[in-house]
Amino acid sequence: KQLNQYYGWSTQANWDVPILPLLGETSLALLGGFQHTSGDFLQDFDATDAPLVSYSLLDEAEQYTAEMQWGGMLAERFEWQTSFFYAHEEASRDVEVPNLATPELKGVFIFQSTDNTSYGAALNNVYHVNDDLPLRVAAGLIRNRRGSALVVDTGDESPSIISEFNIVKAV
């Protein structure tokens, strides 16, 4: 048995900003999106009529993104763009492998979850020395926070937390 669901949306809005002092004509773009994925899977792994080995798997994930881009031209030869973004993802996975041949032995049950967030900013400048020679200077800052937990239950007295961590990284 398998039941999967995938859906989401994305959007983009563009705006030609009125002329601004010192910046001239600029444009602004806003982008955003959402995605949901879900997988539900059950399989009789030994492929026989006897109830020996089976497993079930349930995956759920949601992702959100947003971005703003703003840029323009200064004095015919200098092009600039700045951007900001945010992304967030939450996901979980449940795996069940019951011991069907010997039910008093519980089997293996696994739960994993993740929670990831990223955001950042960038600046991109291009000076066109002539039509064939652009000079580009760019800089950016990205910050990530990643978290995950993994729990394995083998039927012993208490489940084991195999790993649980959070990572924060700036680039």
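This short talk describes strands, aromatic pairs, salt bridges and a surface patch in one predicted model.

Good morning. Residues are numbered from 1 along each chain as its sequence is written, and side-chain values use heavy atoms, with hydrogens and water left out. Because the model is predicted, local features need pLDDT of at least 70 and side-chain atom pairs count only at pLDDT 80 or more, while totals for chains, interfaces and linings use all residues.

I begin with the strands. A strand here is a DSSP run of E with at least two residues, numbered from the N terminus, and two strands pair if DSSP finds at least two bridges between them. Strand 2, residues 24–43, pairs with strand 3, residues 55–74, in the antiparallel sense over 18 bridges. Within this pairing, Gly-32 has Ala-66 of strand 3 as its bridge partner. Strand 3 also pairs with strand 4, again antiparallel, over 19 bridges. Here Gln-63 has Glu-89 of strand 4 as its bridge partner. The hairpin of strand 3 and strand 4 has 3 residues between the strands, and in this hairpin Ala-75 takes a positive phi near 50 degrees.

Is Ser-83 buried or exposed? Ser-83 has a relative accessible area of 18% and is therefore buried; the terms are buried for under 20%, exposed for over 50% and partly exposed in between, with a 1.4 Å probe and protein chains only. Apart from its neighbours within four places in sequence, Ser-83 is in contact (heavy atoms within 4.5 Å) with Glu-67, Met-68, Gln-69, Gly-120, Ala-121 and Ala-122.

I turn now to the aromatic rings. Rings of Phe, Tyr and Trp (its six-membered ring) pair if their centres lie within 6.5 Å; planes under 30 degrees apart count as stacked, over 60 as edge-to-face and the rest as tilted. The structure holds 3 aromatic pairs. One of them joins Tyr-7 and Phe-34, which are tilted, with 6.4 Å centre to centre and 45 degrees between the planes. Tyr-7 lies in strand 1 (residues 2–20) and Phe-34 in strand 2, so this pair ties together parts 27 residues apart in sequence. Tyr-7 is partly exposed at 46% relative accessible area, whereas Phe-34 is buried at 15%. An edge-to-face pair is formed by Trp-70 and Trp-80, with 5.1 Å centre to centre and 90 degrees between the planes. Trp-70 belongs to strand 3 and Trp-80 to strand 4, so the pair ties together parts 10 residues apart in sequence. Tyr-7, Phe-34 and Tyr-64 form one aromatic cluster.

How many salt bridges does a search of the whole structure find? The search finds 2, where a salt bridge is a side-chain nitrogen of Lys or Arg within 4 Å of a carboxyl oxygen of Asp or Glu. Arg-93 and Asp-59 meet in a salt bridge at 2.5 Å, N to O. This pair links distant parts of the chain, with Arg-93 in strand 4 and Asp-59 in strand 3, 34 residues apart. Asp-115 forms a salt bridge with Arg-145, and their closest N and O atoms are 3.7 Å apart. Asp-115 lies in strand 5 and Arg-145 in strand 6, 30 residues apart.

Finally, Tyr-127, Val-129, Leu-133 and Leu-135 make a nonpolar surface patch of about 340 Å². Strand 5 (107–130) and strand 6 (133–153) are the elements that give two or more residues to this patch. Patches are made of residues with over 30% relative accessible area and no salt bridge: like charges are joined within 9 Å, and nonpolar side chains (Val, Leu, Ile, Met, Phe, Trp, Tyr) within 5 Å. Accessible areas come from the Shrake-Rupley method with a 1.4 Å probe, and for residues only the protein chains shown count as cover. Val-129, at 33% relative accessibility, counts as partly exposed. Thank you.

Definitions and conventions
Helices (H or I, at least four residues) and strands (E, at least two) are DSSP runs, numbered from the N terminus.
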